[in-house]
Every structure is written in structure tokens, then in C-alpha cells.
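Biologist: I've got this one open on my screen and would like to talk it through. Can you take me around a few spots?

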Amino acid sequence: MMPRNANVVKISYNDLVAACSNDASSSSVDDLIEQAFGKANSSSLGIIAITDIPSLPSLRTKLLPLAPKLAALPPQQLEEITAPESQYQVGWSHGREKLEGDKLDFSKGSYYANPLTDDLVESMLQRRRYNAASQLGDGDNDNDESHVHGKQQMEELLKWDESLNQIQNEEELRQLASANPAFFAPNVWPTKSLPELENSLKEMGQLIHRVGVYLAKCCDSYVAARCPGYKPNTLESILLHSKCCKARLLHYFAKDDTSDSSNNNNNVDDGDNNNSGIADDTQFSSWCGWHNDHGSLTGLVPAMYHDENGNIVQCPDEDAGLYIKSRNGDLVGPVKLPENALAFQVGETMQVHTGGWLHATPHAVRGCKKGGISRSTFAVFMEPEYHSSMDLPAGRSVSDTQYEEAEKSLPKTVRTLRSRWKLGMNFGEFSEATFAAFH
């Protein structure tokens, strides 16, 4: 199968912000969301580019060159920021993930951190303590305007926090965190070996998060206009209030030769995917295997390429980069993004929360055929917290959320959504099922 050119839908940052200033998304932004994410468009790629974002180019130039520096640290220093107890979901990870069959992925190294909080458990505990204090009354300044506004914001956050209704005390939350370190483990920073990483990652991660909240608000308007059972502001509320946000700095290692080897997992089948598979799929996944993102929304920084000396270069292989499978099975790529744009991809959790009105799409990364060229990029996975519901909107069914025709177009090694997500699950349980499938 020959890929077709990637025509990524674009929205300018100013237009996105303007659409969010209204009660409903503008018709032009609404149409673009339909083209990029919408259920009604079978050729949608599940990706959209937000262009002309202030400060993005400088933050990109500051962060991405740190990826090869991190990957080149001595083994002992990398070991200091490796957290096996977190299932390698915090700190450094290399050769721990399985994306295509049972083959471990050594083609890239990853560094994971939460850009919103260094300690998710402590952030959740602070909310609980605030809630307990507010129920007792907070004394002075009750009529101060700024105090009232802040209190209203916190009350909205506490209303969203589903763990308050399910966890009785702090000790119970700590026990849950101890039992689920992949979800709750605190950040581990290379404070001695690469101290500049922490600030650079947090700055870029928080920028992506802010833009993602704007986009989520427009997606809410799009879905609410089409789905009568949809709860208003579902996506915006998740991204705005959840402190569960996973950033991933990626370094794809240079190939040793000029061959375009693939992962060669054509015969892998998880038993739940009826697709007979396209043998050529794995030709486009030599740097990263085919997969869907399982969170709500993924923000992605345009990639940067490096030569053997660490110099920033233009990629010498026009076929290298990100590839996507549309819902109708078209192979599209490589995706090219301007340096002032962020890409956003729908995750499976957003697919569930919208009852399939917005759809995740499988994607992979094809390696550079020229030896000595490496690739760096940065992704932020915005998602709910552990106890958040994975319920469908009223009136939507499992078959609406991932219908069989779309499943048939999945690459053979991509596990279907229904194989990992069941009605009644919370997000933590869905995440555990996904981690088990790929690690």
C-alpha cells in the first residue's frame, strides 16, 4: 500500500482562542474539527495542527536538543532516573515497551514526567484538605471578590474530583497510589546530569496543556451540537482540572546502516482484530510501532533531526516521519508540521467520552533510511485522573464508539478498543489494561 500525502487540517491559534471566547465554537472551527476528528468523515486522520503559537519555536529549540543529550548520558546516570517500580512510566525508559507483538522496542528512548505537578498524590491530597477546610468554613475575607472567584473555581474542581466520593481518607489514597505506581509515581528529574531539562520540559508541557484546553472546549461544542446525551464541557473539564498529565521526551536512535528495516511482526494477532492485515504496514513503523493513544488528547511538537555530532539538520529522507491510518484504512504520511505549530491527536478516552463522535486513529513513525540521523520530539498526553468515569454519553452504545468497519482498518498489531475497555471501568482500570497489553 502506497501512502497518500498528509493534508493535515490547520487552525490558527488566534482563531482557536477567538472561538473559545464565544459560548459556542465558530462554524469555521466546527467544520475544521469535523474534517480532522469527526465520525462523519471516514477519511479523517484524527490529527489537527494549531499554528502560529506564540513562544513555541523558542521553547522547541530549547527543549528538543536535550533529548539526544539525555539519551547519551552514561548508563549509571540513566539508571538514577529509571523507575522500574512505575512500570517505566516515570523517568527514563528504553527497551521496555512492546508495540508490535512481543518484540521489545529498542529504537527509541523516552523520558516521562508530569509537567503540571511533581507529585500527583500530593496534589490530590491538597484538594481533599481544601475540601475538608471549606466544609468547616474559612473565616475572614468571604466577601472579597478575588476570594469568592477563587473559591468558586475550587468548588468547581472539587465537584469534578470523583475520588472525593470514592476514597474515604488520605491513607486510602496513599494505598491506591502505592498499588498503582505507573499512575501515581512522582517525577524523577536528572538534577545533576541534565539540570536544564526540568524547566524546559515544564514550560513546553504547560504551553501544550493550555492550547489543548482551548481545543477541548471547541470539541465540546462540536459534540454537544450532534449528541443530545452529551454532558456539556466534558472534555474541557477533564483537561482543565485533571493533574494527570504525562509528558514524553522521545529520542529515536540513528540507524546503523542505510537499510529501511521494519519490525517484521506481520504475523502477530491479539485474537480480537478481524483485520487480515496489510503486510506493508510494518514498513512504516521502524522507529515506532503502530498504536492508538489511550488518553484524552495528545499534543505533539514538530520533530527535530540530528546528525552524528548532535547538530540540527534537515531530515535527508523525505519518507521518514509520522504516518497515520485513517478510519477508512488509507495510509497517510509522512505528516509534516510547520515549526510554529502543535499537532493534537484524539485519544481513545476522548473517543469513549464522546461516544465515538471523535475518533482516535492508529499512527507510527518510519525511520530515516540514511544512517547516522536521529530524531527527537515531545508529546504530552492529557488524560483524566484515576477515578474518572469512562462512561458513554446517554444514548450511545459500544458499537457506536468503535464500530466494526473501523476495526477492520486497524493495523494488525493494534489492539481494538473493546479488547481493553469495558462499560463500568474507570480511567485507571482502562489504563492498567492498556499498559498490560503493551508492556
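Predicted model: local features only at pLDDT ≥ 70, side-chain atom pairs only at ≥ 80, totals over all residues.

Biologist: Which residues is Ser200 in contact with, leaving aside neighbours within four places in sequence?

Modeller: Ser200 sits in helix α11, residues 196-224; helices here are DSSP runs of H or I with at least four residues, strands are E runs of at least two, and both are numbered from the N terminus. Contact means heavy atoms within 4.5 Å. By that rule, the partners of Ser200 are Lys62, Leu63 and Leu66.

Biologist: Now strand β10. How many of its residues are buried?

Modeller: β10 covers residues 321-325. It pairs with β13 in the antiparallel sense over 4 bridges, where pairing takes at least two DSSP bridges between the strands. β11 also runs antiparallel to β10, joined by 3 bridges. The strand is largely enclosed by the rest of the structure, because the buried count is 5 of the 5.

Biologist: And which residue in the hairpin of β10 and β11 takes a positive phi?

Modeller: That hairpin has 5 residues between the strands. The phi in question is near 95 degrees, and the residue is Gly329.

Biologist: On to charges. Arg127 forms a salt bridge with which residue?

Modeller: The rule is a side-chain nitrogen of Lys or Arg within 4 Å of a carboxyl oxygen of Asp or Glu. For Arg127, the closest N and O atoms are 2.5 Å apart, and the partner is Glu385.

Biologist: How many residues apart in sequence are the parts that this pair ties together?

Modeller: Arg127 is buried at 5%, and Glu385 is buried too, at 3%. Arg127 lies in helix α6 and Glu385 in the loop between β14 and α14, so the pair ties together parts whose separation in sequence is 258 residues.

Terms used. Residues numbered from 1 in each chain as written. Heavy atoms only, no water. Buried < 20%, exposed > 50% of the residue type's maximum accessible area, 1.4 Å probe, protein only.
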